[in-house]
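The following exercises are to be worked with the sequence and the model at hand. Each task is followed by a solution in steps.

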Amino acid sequence: MFPFKKTQNRGQADQYYISDHHEPIIQPDIFAQVQELIKQRGEEFGNTEFHTYPLSLKIQCENCGKTYRRREINLRIYWVCRQHDFDSRRCPCKEISEEKLYDAFIRSYNKLLLNYKEILIPLQTSLHKLKLEKFTGHIRIIAIHKEIAQLREQSHVLANLLTKGFISEEKYHEQNSELTQKIKRKQKDLKMLTKSGDDDLLEQITMLIEWFEGHDKMLIGFDEKAFEFMVDKIIVIKQEKFEIHMIGSLKFTEPIADEK
Ligand SMILES: [Zn+2]
């Protein structure tokens, strides 16, 4: 269950993680979080395809939107747009070797590892700040609800005064429309304050930071656990580049290297 074991050999040369083996690779709490995330992701896919390989359902064709499927050609593993695979007239996007996809991930991973302190930590700080403001916002929401209730009460009193003949109809309409305007403004404020927050984003950024705090070595081979944990999808754009979408709304663009 720890990622420094030998990765599954799928025909490539043996790959090993470089890690100190005297310390736990993943802290227990983050390990549990990772497992949970992997489980959730698995469930999201439903029954459409059995989640066999790390790249299954994660590679997407920019041209037709379909996911890629695995193909073995001359003992090499490729991934191909399933639309193209079904009928090449429907989508021109050809197969791509698994190696290229792995390499692109490794490059992005290493970039993030080298820069996460500059990128992720300031992001985490601002998200924390936002969360705090949201909490203050919550107190403000309660206050606004109270203010709206009071304005409605005033409007009710005003209507009573009109019925009893204490104020003129003209005065009633003038004051009531003022109250209605105030209520509308308060409701607008409420809408602004209750907009959905960035809690998920903060959680994902924090998980990434914790991951890199526990994994300070550059990848030299494909890391299945890291891939499953952090990659949402890879979009293949015109046989030219990959767009690697990671958790925390991170996106990396990697050129598709020439065939070795
Ligand atoms: Zn396609």
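Helices (H or I, at least four residues) and strands (E, at least two) are DSSP runs, numbered from the N terminus. The model is a predicted one, in which local features need pLDDT of at least 70, side-chain atom pairs count only at pLDDT 80 or more, and totals for chains, interfaces and linings use all residues. Residues are numbered from 1 along each chain as its sequence is written.

**Exercise 1.** Carry out the assignment for glutamine 239.

Solution. Step 1: glutamine 239 is placed in the loop between β5 (231-237) and β6 (241-246). Step 2: with 12 C-beta neighbours inside 10 Å, glutamine 239 is therefore exposed. Step 3: its phi is positive, at about 55 degrees, and it is not a glycine.

**Exercise 2.** Compare the span of α3 with that of a straight helix.

Solution. Step 1: the expected span is 1.5 Å times one less than the number of residues. Step 2: α3 has 66 residues, and a straight helix would reach 98 Å. Step 3: the end C-alpha atoms of α3 are only 80 Å apart. Step 4: α3 bends by about 80 degrees at asparagine 115, the bend being the angle between axes fitted to the seven residues ending there and the seven starting there.

**Exercise 3.** Describe how α3 and α5 meet.

Solution. Step 1: the axes of α3 (residues 98-163) and α5 (residues 199-214) come within 9 Å and cross at roughly 145 degrees. Axes are lines fitted to C-alpha atoms, for helices over the stretch in contact, and angles run from 0 to 180 degrees between N-to-C directions. Step 2: the residues in contact (C-beta atoms, placed from the backbone, within 7 Å) include Leu120, Leu123 and Leu127 of α3 and Leu202, Ile205 and Phe212 of α5. Step 3: Leu120, Leu123 and Leu127 are among the buried residues of α3.

Notes: Contact = placed C-beta atoms within 7 Å. Buried ≥ 20, exposed ≤ 12 C-beta atoms within 10 Å, placed from the backbone.
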